[in-house]
Amino acid sequence: MSRDTAPGDVRLVGNRIWLARTADGTVIQKLYAPHDHGPRYWARLLLERLGARKTPTTVRARWRTERELLRVWRAAGCDVPQDLSERHPALVHGPVTILERVEGPLLGHVLGSGRLSEQERVDLLTRFAAAWGRRHRLAIEQRDARLVQEHGTFLHVIMAPGRLVTIDLEQAYHPRRDVRPLVTREIVAYVRSLAKRVDEARLAADLRILVAAYPDRSLLEAAVREYVDSPRLVWRLDRRLRRDRGRALGKYGALALLRAALLAVAEHVP
Amino acid sequence: MSDASPAACPPPPRPEVAPVTVRLEDIDRDNMAGAGNYLWKHRLPCGTDVVVKVYYGSRSPLLYLKKSFGNVFLTGRSSHMPKRRCAMEVDCVRTWERHGFRCFGLYPQVTVEGLPRDGYMAYEYVPGRHFRELFKDRKIPLEERMAIWRRFVGEWHRRHAAAVAEDDPRLIHENGDVKHVMLWQGEFVYFDFEMIYTAGDIRTLVGREICAYMRSVGRFFGDELYERMTTELVEHYPDPALLMSTWTWAFHDPRPFTRLVRRLDYALKPKNRKKHSKYEVALDIKRRLDERSLTRARTA
């Protein structure tokens, strides 16, 4: 998402996405722009260089990463927008990608709106969990960190007719031997994004649906273990210091509900 | 609208003129232009009207040298010297026409006794209507004028796309504004290509040209038409990212030194913060493009 600049601001902060008409129909033209400016931008680049765990957030790096990830995810059978840059070279100049236009609301908005019936919600989350789990399994089997979504949230999934299309693949983790910790991190990010959009009761119900449909419960358990039950100092400190500690819909509250959902599903409690 | 690369088109038909030599004293030397050049309309023995453009204008040689120095060493443009401008204009006309854009036809077979051959050129006389008058003409319904503008925007983008695809600054209208386009027989006719940019990223030059055109729209047509024509531009220009190059030119030139100079130019010169300055036009186009961006819609 872009952090829009105020009118009259001479900076360009955040990507721009436009509809562009072509002979083949309407496509998406995505122009990559910096996330930040000034000291924050440089501090971020420095931290990235020091950490070196992910691809950089420079405009060029995000542009290259997204094009690579779209190709890798598509080859793995994941539903992502088609990269049409080669088909429309006249529209590609500078850090620009041409993408298939996928029409539909964002899954995060749909789940948060409360407009779905119970059955629709079950179908939708079941479908999502199956595709989600399949991608996680591939990432672990192939030891390919690129198949883990670095910025995972239900707001980065478009609900198109018959499709759940993942968007925003501008950053990726660098290759590593074990990608399971990255998968658990993505799971936590999704759970947290859901917690921001629904109330506690709804979240508990939704998590039970997700747990029931997710193919590998050990990964969900690992997410809980890693973040909630971990004796590691960093997580103990994080739990203690986070402002949302103790609130049901914060990160740890949501993960506690995930643990409850895992227990409930394991005991076949409806 | 198509994003396909523009195909080369044959030059449009124009009156055939046999080789002819004209004596300088036979030309009625009423100058049709300003100080930079002499433009003389002349009827050839075959009855065809031509315009003889003499690049040695009334300016002093020192001024030509000064302008050339500024162009070549400071602003990254081609020389202002008469012979160079003549050669450049001929080259640009041929380039534009090869891409299917109508310009004043060249009649190199028309020679003028008493003038240095590489300092003048005979051009087709085109009695079209300048944009400057056409869009101000309230006798033409506004919607009709806007339809012409929309058609122009499509052709404008086609030229910009060709310039970017071929990385050819000759396809950028260095002195582009509403004074240098006319409508004739349903076609847009472009003129004044004496100089080109020789330095700079081609996308940024596209942005500069758009800013220059839209600044002239604001200056000559006033706020009301500027608003409408800019809205039409943003809505119908087929490549929003290329249109955003207006902002790139004004505030984010890829060359750090140029960027700094432009920042200072914007900050220090009050005229550059007026509503229809090139910088403010760039900001206005950026604001309109931001409003059309789906990221903003989703955030909202």
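# Chains A and B: a working chat

Trainee: What share of the contacts in chain A with a separation of 6 or more comes from residues 24 or more positions apart?

Mentor: In this predicted model, residues 24 or more positions apart account for 68% of the contacts in chain A that have a separation of 6 or more.

Trainee: And what is that share in chain B?

Mentor: For chain B, counted over contacts with a separation of 6 or more, residues 24 or more positions apart account for 70%.

Trainee: What secondary structure does chain A have, and in what order do its elements run?

Mentor: Chain A comes to nine helices and five strands, and from the N terminus on the order is β-β-α-α-β-α-α-β-β-α-α-α-α-α.

Trainee: How many helices and strands are there in chain B?

Mentor: The secondary structure of chain B comes to ten helices and nine strands.

Trainee: What does the radius of gyration say about chain A?

Mentor: A compact globule of 270 residues would have a radius of gyration near 18 Å, and the 19 Å of chain A agrees with that. Its C-alpha trace spans about 60 × 40 × 40 Å along the principal axes, and buried residues make up 36% of the 270 residues.

Trainee: What about the radius of gyration of chain B?

Mentor: Chain B has 300 residues, for which a compact globule would be near 19 Å, and the value of 20 Å for this chain agrees. Along its principal axes the C-alpha trace of chain B spans about 70 × 45 × 35 Å, while 42% of its residues count as buried.

Trainee: Let's go to helix packing; at what angle do helix 6 and helix 9 of chain A pack?

Mentor: Helix 6 of chain A (residues 200–213) and helix 9 of chain A (residues 251–266) pack at an angle of about 55°, and their axes are 8 Å apart. That angle makes helix 6 of chain A oblique to helix 9 of chain A, and the crossing of helix 6 of chain A and helix 9 of chain A is right-handed.

Trainee: Which residues of helix 6 of chain A meet helix 9 of chain A?

Mentor: From helix 6 of chain A they are A:Leu203, A:Ala204, A:Leu207, A:Arg208, A:Val211 and A:Ala212, and the residues they meet in helix 9 of chain A include A:Leu257, A:Leu258, A:Ala261 and A:Val265. The residues of this contact between helix 6 of chain A and helix 9 of chain A divide into 13 nonpolar, no polar and one charged.

Trainee: Then how do helix 5 and helix 7 of chain A lie relative to each other?

Mentor: Helix 5 of chain A (residues 180–195) and helix 7 of chain A (residues 217–227) pack at about 85°, with axes 9 Å apart, and the two are therefore roughly perpendicular to each other. On the side of helix 5 of chain A the contact is made by A:Arg180, A:Pro181, A:Val183, A:Thr184, A:Ile187 and A:Val188, and among its partners in helix 7 of chain A are A:Leu219, A:Leu220, A:Glu226 and A:Tyr227.

Trainee: How many of the residues in that contact of helix 5 of chain A with helix 7 of chain A are nonpolar?

Mentor: Nine are nonpolar in the contact of helix 5 of chain A with helix 7 of chain A, and one polar and two charged residues complete the division.

Trainee: Is B:Gln185 buried or exposed?

Mentor: B:Gln185 is exposed, because 10 other C-beta atoms lie within 10 Å and the exposed class takes in residues with 12 or fewer.

Trainee: How far apart in space are B:Val72 and B:Thr198?

Mentor: From C-alpha to C-alpha, B:Val72 and B:Thr198 are 8.3 Å apart, although 126 residues separate them in sequence. In chain A, A:Leu124 and A:Leu111 are 13 residues apart in sequence and 9.2 Å apart in space, again C-alpha to C-alpha.

Notes:
Residues numbered from 1 in each chain as written. Chains lettered and ligands numbered in written order. Predicted model: local features only at pLDDT ≥ 70, side-chain atom pairs only at ≥ 80, totals over all residues. Helix = DSSP H or I, 4+ residues; strand = E, 2+ residues; numbered from the N terminus. Rg over C-alpha atoms; globule rule 2.2 N^0.38 Å. Buried ≥ 20, exposed ≤ 12 C-beta atoms within 10 Å, placed from the backbone. Contact = placed C-beta atoms within 7 Å. Axes fitted to C-alpha atoms, helices over the stretch in contact; angles between N-to-C directions. Parallel < 35°, antiparallel > 145°, perpendicular 65-115°, else oblique. Left-handed = near helix turned anticlockwise from the far one by under 90°. Nonpolar A, V, L, I, M, F, W, Y, C, P; charged D, E, K, R; others polar.
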